[in-house]
Amino acid sequence: MGAKNELLYTKEHEWVRVEGNKAYIGITDYAQESLGDIVFVELPEEETVLSVGDTIGAVESVKAASDIYSPVSGTVVEINTALEDAPDLINKKPYENHIVVVEMEDISELDSLLNSDDYRAFCEEE
């Protein structure tokens, strides 16, 4: 199970890459592996305002559908439109293919996320 040291993680298997006040959000290697071949990604609209825990969208695979939850509060400023035509990019490179970019309202919310070591330990317990 791969986890990148420079990212933050949620217990719902989302990852966050922070650049200034922007949070790039995707699903982890563990999540894509559990789901199997991803065939569709439901993306939010740009300018959607989110609170921590809100549903951003969903990922559908041949096995299941899974909601994606926002790990931070803020406004969606970008969606990864490449996933509309090629949702399997998440299977191929889950950490290089974010789903959305959120301009964060409160960066202190990042303090509640897991670092890579804690995330790996969490996954081993599941």
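**Strand pairing and surface**

Reply: In this predicted model, β2 and strand β3 (residues 22-27) run antiparallel and are joined by 6 bridges.

Me: Which residue takes a positive phi in the hairpin of β2 and β3?

Reply: The hairpin of β2 and β3 has 2 residues between its strands. The residue there with a positive phi, near 65 degrees, is Gly20.

Me: What is the bridge partner of Leu8 in β2?

Reply: Tyr9 stands opposite Trp15 in β2. For Leu8, the bridge partner in β2 is Val16.

Me: Is His13 buried or exposed?

Reply: His13 sits in the loop between β1 and β2, strands that form a hairpin with 4 residues between them. Its phi is near 75 degrees, a positive value in a residue other than glycine. The relative accessibility of His13 is 10%, and the limit for a buried residue is under 20%. His13 therefore counts as buried.

Me: Why does Glu47 count as exposed?

Reply: Glu47 is found in the loop between β4 and β5. Although Glu47 is not a glycine, it has a positive phi of about 75 degrees. Exposed means over 50% relative accessible area. Glu47 counts as exposed because its relative accessibility is 56%.

Me: Is Leu43 buried or exposed?

Reply: Leu43 lies in the loop between β4 (38-42) and β5. A residue is buried under 20% relative accessible area. With a relative accessible area of 16%, Leu43 is therefore buried.

Me: What distance separates the C-alpha atoms of Leu43 and Leu83?

Reply: Leu43 and Leu83 are 40 residues apart along the chain. In the model, the separation of their C-alpha atoms is 8.7 Å.

Me: Which residues gather in a patch of negative charge on the surface?

Reply: One of them, Glu103, lies in strand β9 (residues 100-104) and is partly exposed, with a relative accessible area of 36%. Another, Glu47, is placed in the loop between β4 and β5. The residues of the patch are Glu45, Glu46, Glu47, Glu78 and Glu103.

Me: What accessible area do Val39, Phe40 and Val62 have together?

Reply: Val62 is in the loop between β6 (55-61) and β7 (65-69). With a relative accessible area of 61%, Val62 is exposed. Val39, Phe40 and Val62 form a nonpolar patch on the surface, and together their accessible area is about 290 Å².

Notes
Residues numbered from 1 in each chain as written. Predicted model: local features only at pLDDT ≥ 70, side-chain atom pairs only at ≥ 80, totals over all residues. Heavy atoms only, no water. Patch = residues over 30% accessible without salt bridge, like charges linked within 9 Å, V, L, I, M, F, W, Y side chains within 5 Å. Areas by Shrake-Rupley, 256 points an atom, 1.4 Å probe, with all protein chains shown as cover. Salt bridge = Lys/Arg side-chain N within 4 Å of Asp/Glu carboxyl O. Lys, Arg positive; Asp, Glu negative; His and termini not counted. Charge placed at Lys NZ, Arg CZ, Asp CG, Glu CD. Buried < 20%, exposed > 50% of the residue type's maximum accessible area, 1.4 Å probe, protein only. Pairing = 2+ DSSP bridges.
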